[in-house]
Amino acid sequence: MSSTDPKTLLPASIADRVASLSVKEGRAIAVVDAGGMGTKERGEIEGAITEILSAKEGISDVRVVMTAERKQRRIIAVGSGKGGVGKSTLTANLAIALQKAGRKVGLVDADIYGPSQPVILGNQGQKPVARDEKLVPVESAVGIPVLSMGHLVEPGRALAWRGPMAGNALSQLIDAHWDDVDTLLVDLPPGTGDVQLTMLQRFKPMGAVLVSTPQDLALIDAARAGQLFDQAGVPVIGLVENMAGYACPHCGEVSDPFGKGGVETAAGRLELPFLGRIPLDLAIRQGSDAGKPPAAGDDALARPFLDIAAKVDAWIGAQS
Ligand SMILES: Nc1ncnc2c1ncn2[C@@H]1O[C@H](COP(=O)(O)OP(=O)(O)OP(=O)(O)O)[C@@H](O)[C@H]1O
Ligand SMILES: [Mg+2]
């Protein structure tokens, strides 16, 4: 081979991710900085390098080595200012939709006081075990590993933890055996309390998704939650409007019990991306109560979640 940098054998978009490339006696060894890459992305880049280099004259063997094996796990928080606007519903469905997009997703239910993921993901009653003093996430039928206080304490038992105890409980859920999970979604409790602060201080999320219903009051609270992330230096990936437009199951007429379009307008005003709108639909509630989140299916109800996930997926991709 000539003495020019062997990396010029690769297109710039791939060469950028290659820490080093050597070619000796027909064997090419490429070292790829895989930090922050998902499993799918790793597979793709490995495939592309192998294909391109194998086609070069004088190369008969290609080895691709991935570095940064110490997993760079990214955390995406889902929050809202107000309670009951659909954070938990969105988090579960976003997790499923991001998994469909090829990411290895795990879910932490950080709502220590009112956990709802065991019901939504249909794995109530399962108990996580501990290994080496860390929790092992429990599986769910939709293939998302999850940890929730709901798996650790009896359902309905009021939790009177405050301050440091709540923070420590959250730490145990996040600092667990997530193994090959590359994207951890965290379903936050509403508002801006102890749990949110622990989250921001100990486990700074890569980004946050904010959910709101279209009413003015919910929007004011959403803006406040946005401010909290902003102050902590956590970028807001965007706003989601939930419970927009109700189609009457009898006559089909669409009404807007909470107004419509308010979140998109607010996103514009706050200069934040608008990620999409989820309709108010009885089937979403029924699916959530039955451990069958709509994003796991392939009918029209999955669509808004898949569209929002595509935007979040693109945002994550643009960060690395
Ligand atoms: N788009 C929707 N259509 C119909 N029902 C919905 C929709 N989104 C959420 N729900 C229902 O509204 C209720 C509240 O939703 P969810 O638990 O996701 O909100 P939350 O913001 O996580 O609440 P909390 O603040 O209590 O944690 C649930 O019963 C859920 O099934
Ligand atoms: Mg919730």
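Me: Which atom of Pro279 lies 2.8 Å from a nitrogen atom of ligand 1, backbone or side chain?
Reply: A backbone N or O atom of Pro279 is at that distance from a ligand nitrogen. Keep in mind that this is a predicted model.

Me: OK, and what about Asp281, how far is its backbone from a nitrogen atom of ligand 1?
Reply: For Asp281, a backbone N or O atom sits 3.0 Å from a nitrogen atom of ligand 1.

Me: And Asn242, backbone or side chain?
Reply: Asn242 uses its side chain: an N or O atom there is 2.8 Å from a nitrogen atom of ligand 1.

Me: How much of ligand 1 does the protein cover?
Reply: On its own, ligand 1 has 630 Å² of accessible area, and the protein covers 79% of that.

Me: How many residues surround ligand 1, and which are the closest?
Reply: There are 18 residues around ligand 1. The closest are Gly84, Lys87, Ser88, Thr89 and Pro279, and Pro279 is the residue whose backbone we began with.

Me: New topic! Which domains does the protein have?
Reply: The domain assignment gives domain 1, residues 6-66, and domain 2, residues 74-319.

Me: How many residues does each one put into the contact?
Reply: Five residues come from domain 1 and five residues from domain 2. Taken over C-alpha atoms, the domain centres are 37 Å apart.

Me: What area is buried between domain 1 and domain 2?
Reply: About 340 Å² is buried between the two domains, with carbon and sulfur atoms giving 33% of it.

Me: What kinds of residues does domain 1 have on that side?
Reply: The side of domain 1 that touches domain 2 has one nonpolar, three polar and one charged residues.

Me: How many salt bridges are there between domain 1 and domain 2?
Reply: The count is zero salt bridges between them.

Note on methods:
Residues numbered from 1 in each chain as written. Chains lettered and ligands numbered in written order. Predicted model: local features only at pLDDT ≥ 70, side-chain atom pairs only at ≥ 80, totals over all residues. Heavy atoms only, no water. Domains from an automatic or database assignment. Contact = heavy atoms within 4.5 Å. Buried area = accessible area lost by both parts, 1.4 Å probe. Salt bridge = Lys/Arg side-chain N within 4 Å of Asp/Glu carboxyl O. Nonpolar A, V, L, I, M, F, W, Y, C, P; charged D, E, K, R; others polar. Near = heavy atom within 4 Å. Polar contact = N/O pair within 3.5 Å; in protein donor to acceptor, adjacent residues only side chain to side chain. Areas by Shrake-Rupley, 256 points an atom, 1.4 Å probe, with all protein chains shown as cover.
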